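Have the viewer open as you read.

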Amino acid sequence: MKKVLVADDEEVLRMLITDTLEDLDLDVYEASDGQEALDLIHQNDFDLLVLDYMMPELTGLEVIERVRSLDGKSDVLILMLTAKSQQVDQEEILNKGANFFLAKPFSPNALVECVQEILR
């Protein structure tokens, strides 16, 4: 079973994402801020990180930078969720090390399609 970490400080959105991904038979962990996400990443081997851009403690970008420098964790797939949909923002997200991004707001169907494509 694939392991996924969902990190988002908006509880309702985090629950929606988690419920949607659990319907895909994924083992889903949750974090409510960037530091909690990083702590879980140190303790687990995830197949995919789903990170919100703007979170307390550490932003999604800061989490990406730290993960990319960790031995044995640097190649994990990362999907960034963001309301920042300008081309310059998208380029920054990808340049920092995210593999994919999904603009907010998004539908559960769009999330499912994106995650299925990523984990193939």
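What follows covers the aromatic contacts, then the backbone.

This is a predicted model, where local features need pLDDT of at least 70, side-chain atom pairs count only at pLDDT 80 or more, and totals for chains, interfaces and linings use all residues. Residues are numbered from 1 along each chain as its sequence is written, and side-chain values use heavy atoms, with hydrogens and water left out.

Rings of Phe, Tyr and Trp (its six-membered ring) pair up if their centres lie within 6.5 Å; planes under 30 degrees apart are stacked, over 60 edge-to-face, the rest tilted. The count here is one aromatic pair. It's Y29 with F46, edge-to-face at 5.2 Å centre to centre and 85° between the planes. The partners are 17 residues apart: Y29 is in strand β2 (residues 27-31), F46 in the loop between α2 (34-43) and β3 (48-52). Helices (H or I, at least four residues) and strands (E, at least two) are DSSP runs, numbered from the N terminus.

F46 also has the charged end of K3 over its ring, 5.7 Å from the centre (the cut-offs: NZ of Lys or CZ of Arg within 6 Å of the ring centre and within 35 degrees of the ring normal).

On to the backbone. The K104 to P105 peptide bond is cis, omega near -5°, with P105 in the loop between β5 (100-103) and α5 (108-118). Two non-glycine residues with positive phi are tabulated below; exposed means over 50% relative accessible area, buried under 20%, partly exposed in between (1.4 Å probe, protein chains only).

| Residue | Phi | Relative accessible area |
|---|---|---|
| D25 | about 60° | 57%, exposed |
| E57 | about 70° | 62%, exposed |
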